[in-house]
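Hello,

I am passing a structure on to you, and my notes on it follow. Please open it and read along.

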Amino acid sequence: MENQTKKKGTLVAIITMMFLFAMISFVTNMAAPFGTIWKQHYDWAGMMGNMMNFAAYLFMGIPAGMMITKYGYKKTALVALALGFVGIGVQYVSSTMDGNSISTYVVYLLGAFICGFCVCILNTVVNPMLTLLGGGGNRGNQLIQTGGSLNSLAATLTPMLAGSMIGEITKDTSLQVVTPLLLIALGIFAASFVIVWFTQLTEPETEHADVIGGVKGALAYRQLVLGIIAIFFYVGVEVGIPGQLLFYLSEPVSEGGVLGSAAVAGLIAGIYWLLMLVGRFVSAFISGKVSSRTQLTVTSVVAIALLLIAIFTPEASKMNLTVPNLAESTLIHAEVPTKVLFIILCGICTSVMWGVIFNLATEGLGKYTATASGLFMTMVVGGGVMPLIQNLMATKIGDIQSYWLIVAMLAYILFFALIGSRPAKKA
């Protein structure tokens, strides 16, 4: 009877963590579509909302791990959801303010920053808990990939909905067009808080240890140190690929853009996240048989190849694309560069990288797993820093040429897969 109760509690905990995994993506993937609006008013502003989302990781990564150790996973998750509600609320306030003034933008960035604290804490809760509930190893990675499938589903729908609401971008477009999405987000966060509050979670035991000793002990493992760098680059890759694609396709044709439609751009970016869902779903089934190292090696090589093809494919090569307009229940017919196809196919490759990097880097860390998760979350700031650098590069050398930065980051991830992830404790 006791074993059945324990199994039921574990199942409830796993389902809850999967749900929170989806929340992470829902919040994060609103920033890039919103950025296409602000970029029309301030050239530097396109990726700043995304940057503020991820900048919070730099400040909250390690404290989030400490919160888990002191208060447990459930209470920490509740704090995160409360912060998410506040952050979305601040963004909603900005959408009701005076058009696209700089003061309105500052309020929006504040909301994005608060939301960053939310997703950082949720990430710190979800990844180690799924790893520990799965017993580590390939089984732990399998749970992370399953949760990642729900994460990708939310990531697929968010830019599609936001893009459909924005439509064709002009100088008069403001954040007011996405007010309905922000109201939906407020409702989801409120409901999520209530659900988690009343859910009885069976939590893995956490060891109470001093912070400095925990960080020092975790960093003694070489694979963790190199894995932290890999995560920094990986999040930059995951966010940068669809993020820059949104700008590439939504830039008005009158200003040199190739398509000029935020609706189509959002739908194409949504396909990237949909392919991530497919990849994670497949990985959830094969992770019990195919090692994390093999998965990371293969996906890194394929992603590099796809991007090289995209970079060297002539822009004059076009393909006809028909996509659904979710806001108006109609079909949109567009002619887009063929290179876009190879860029969005990278979603299948990037889909598995988060889970396998985390899994490889924390293998054998034992009591330092929660601390390691906090360190990982700190370096997720790469999802703000690297896309911002890529966006600045794009203004100088072009949107597509900026993907050379992505290729370089993927090369490091390949190094980590082949060499850096080999378990070793530093002297």
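In which hand of crossing does H3 pass H16? The crossing is left-handed, a term used when the near helix is turned anticlockwise from the far one by less than a right angle (right-handed if clockwise).

Before more detail, some notes: this is a predicted model, where local features need pLDDT of at least 70, side-chain atom pairs count only at pLDDT 80 or more, and totals for chains, interfaces and linings use all residues. Residues are numbered from 1 along each chain as its sequence is written, and side-chain values use heavy atoms, with hydrogens and water left out.

Back to the pair. The axes (lines fitted to C-alpha atoms over the stretch in contact, with angles from 0 to 180 degrees between N-to-C directions) of H3 (residues 48–71) and H16 (residues 382–397) come within 7 Å and cross at roughly 155°. H3 and H16 are therefore roughly antiparallel, the word for angles over 145 degrees. On the H3 side, the contact (heavy atoms within 4.5 Å) is made by Met48, Asn50, Met51 and Phe54; H16 brings Gly383, Gly384, Val385, Pro387 and Leu388.

Now the whole chain. You will find 17 helices and two strands, which are DSSP runs numbered from the N terminus (helices H or I, at least four residues; strands E, at least two). Of its 427 residues, 62% are buried, meaning under 20% relative accessible area with a 1.4 Å probe, protein chains only. Helix H10 (residues 262–286) is mostly covered, with 18 of its 25 residues buried.

Enjoy exploring!

Key. Angles under 35 degrees count as roughly parallel, over 145 as roughly antiparallel, 65 to 115 as roughly perpendicular and the rest as oblique. The expected span of a helix is 1.5 Å times one less than its number of residues. Buried means under 20% relative accessible area, exposed over 50%, partly exposed in between (1.4 Å probe, protein chains only).
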